[in-house]
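Work through these exercises with the model open beside you. Try each task before you read its solution.

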Amino acid sequence: MRIGLLTGGGDSSAINAAIRAVVRKAFAEGYEVIGIKRGWRGLVQDEVEPLFLGSVSGIVQRGGTILGTSRTNIFKLEHGLENVMVNIKKHGIEAIIAIGGEDTNGAAHKLAEYGIKCVGIPQTIDNDLPCTDYSIGFDTAAQVACDALDKLHTTASSHHRIMILEVMGRDAGWIALIAGLAGGADNIIVPEIPFSTEEVIERIEKRKTKNKDFSIIVVAEGAKPADKEEQFVENQKKDPFGHVRLGGVGDWLANEIEDRTGYETRVTHLGHLQRGGIPTVFDRVLATRLGAFAVDMVKEGLFDHMACMKANNVVAVPLTEVLSGTKTIDKRLYDLAKLFY
Ligand code: F6P
């Protein structure tokens with residue numbers, strides 16, 4: 001059996017742990033692994049290299065992906081699908097393991113129509129893929145955001161300021177929610193629940209009555225006020241899957257707070273720092289379990305499925321189910337966080 005392995009979409013910190021697990025498990029089964037460079041692009045442009053045990057030595061703690069990544073949409077490229085088919089055949093690839101988010105797994109699912117056998121592994125800091133409790137990279141990103149909140153706390157209290165931390169999260173506010181809950185944010189704003197600026201200000205004022213003259217707000221990039229139709233965008237440039245670059249909600253909110261209250265308000269954009277760093281223990285173990293299980297799925301012929309973590313068990317879920325929507329935040333955790341505002 002010769003398995004092609006690729007990593008697509010936005011990167012995160014524990015992908016290499018998954019690559020390592022796939023390769024180690026594949027070799028244990030007597031399989032070969034072909035590394036496909038820069039996501040689906042590697043199959044369009046014929047950029048592949050065999051992976052050996054030595055290729056994955058010493059990478060469990062390294063962020064990013066040794067295979068590289070891209071947001072290549074093979075179905076939008078002229079000869080994209082054709083090249084993919086040619087190169088799969090050329091390299092004798094019998095099955096593909098694709099590590100990534102909705103777009104990467106979406107391509108894996110579409111390829112099933114053309115007889116290509118794929119297994120998906122969930123990887124996105126947004127943690128928004130359904131059917132899996134966690135996606136690789138989320139825990140580390142939430143840790144990075146929590147560290148930032150811890151740092152903002154001290155300077156916010158010294159300067160008696162309102163501090164806003166803008167984090168990633170297009171349609172699901174998992175990073176904002178979990179980092180905010182762990183980091184003691186005084187207000188958590190997520191895309192799933194349009195916010196009221198009046199309520200945000202009321203909370204700041206309420207803290208003032210308790211002699212707490214600073215506030216920490218964490219906001220996901222995809223959040224918007226209740227009276228605004230569109231999300232805030234950094235610019236209108238779209239990636240090959242049609243996603244615009246989000247950003248700016250933090251600045252908008254800071255201006256509103258300053259204008260309406262006169263309280264000094266500053267914004268920190270965490271940006272791509274969330275995608276880097278040393279992977280957490282949780283992420284490494286998750287990636288290791290999902291990576292090894294994906295090879296089991298290949299062995300058992302469970303194609304067009306994704307390796308998922310459910311209630312601490314690894315299970316195979318059909319990609320049609322995974323791609324049926326977005327896993328939004330757990331409202332119970334959102335409500336719990338309010339206890340600490
Ligand atoms: O990986 C998903 C994500 O983190 C989104 O939350 C964010 O909007 C996007 O990636 C930004 O990615 P990039 O800057 O690489 O296009």
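**Exercise 1. The largest pocket**

From which domains does the lining of the largest pocket draw at least three residues each?

Solution. Start with the ground rules. This is a predicted model, in which local features need pLDDT of at least 70 and side-chain atom pairs count only at pLDDT 80 or more, while totals for chains, interfaces and linings use all residues. Residues are numbered from 1 along each chain as its sequence is written, and side-chain values use heavy atoms, with hydrogens and water left out.

Step 1. Find the domains. The assignment gives domain 1 (2-137 + 279-322) and domain 2 (141-275). Such bounds come from an automatic or database domain assignment.

Step 2. Define the space. On a 1 Å grid over the protein atoms alone, a pocket is an open set of points with protein on both sides within 12 Å along at least five of seven lines; a cavity is a set where a 1.4 Å probe fits but cannot get out; lining residues have an atom within 4 Å of a point. Grid points are joined across faces, edges and corners, and a volume is the space filled by probe spheres set on the points.

Step 3. Answer. The lining of the largest pocket takes at least three residues from each of domain 1 and domain 2.

Step 4. The volume of the largest pocket is about 900 Å³. It has 38 lining residues, and R71, M168, R170, E221 and R275 are the closest to its centre. Helix 4 (102-112), strand 6 (162-167), strand 9 (233-238) and strand 10 (244-246) are the elements that give two or more residues to this lining. Helices (H or I, at least four residues) and strands (E, at least two) are DSSP runs, numbered from the N terminus.

Step 5. Sort by class. The lining of the largest pocket holds six nonpolar, 16 polar and 16 charged residues. Here Ala, Val, Leu, Ile, Met, Phe, Trp, Tyr, Cys and Pro count as nonpolar, Asp, Glu, Lys and Arg as charged, and the others, Gly among them, as polar.

**Exercise 2. Domain contact**

State how far apart the C-alpha centres of domain 1 and domain 2 lie.

Solution. The two centres are 33 Å apart. The contact takes 15 residues from domain 1 and 14 residues from domain 2. Contact means heavy atoms within 4.5 Å.

**Exercise 3. The second largest pocket**

Which helix gives the most to the lining of the second largest pocket?

Solution. Step 1. Helix 5 (138-159), helix 6 (174-183) and helix 11 (331-338) each supply at least two lining residues.

Step 1. Helix 5 gives the most, with three residues.

Step 2. Describe the pocket. Its volume is about 170 Å³. Among its lining residues are N127, Y134, W174 and R332. By class, the lining of the second largest pocket has six nonpolar, one polar and four charged residues. Domain 1 and domain 2 each supply at least three residues of this lining.

**Exercise 4. Cavities**

How many cavities of 30 Å³ or more does a search of the whole structure find?

Solution. The search finds two. The largest cavity holds about 40 Å³ of space. E102, D128, L129, P130, V322, G325 and T326 line the largest cavity. The second largest cavity has a volume of about 30 Å³. Its lining includes W40, R71, D103 and F241.

**Exercise 5. Cysteines**

Solution. Step 1. A disulfide is a covalent bond between the sulfur atoms of two cysteines. The cut-off used here is a pair of cysteine sulfur atoms within 2.5 Å.

Step 1. Check the whole structure. The search finds zero disulfides.

**Exercise 6. Positive phi**

Is N127 buried or exposed?

Solution. Step 1. Apply the cut-offs: buried is under 20% relative accessible area, exposed is over 50%, and partly exposed is in between (1.4 Å probe, protein chains only). N127 is buried, at 1%.

Step 1. Look at the backbone. Most residues other than glycine have a negative phi. N127 has a positive phi, near 60°. N127 sits in the loop between strand 5 (118-122) and helix 5.

Step 2. Compare N312. Its phi is also positive, about 65°. N312 lies in the loop between strand 12 (305-310) and strand 13 (313-318). N312 is exposed, at 53% relative accessibility.
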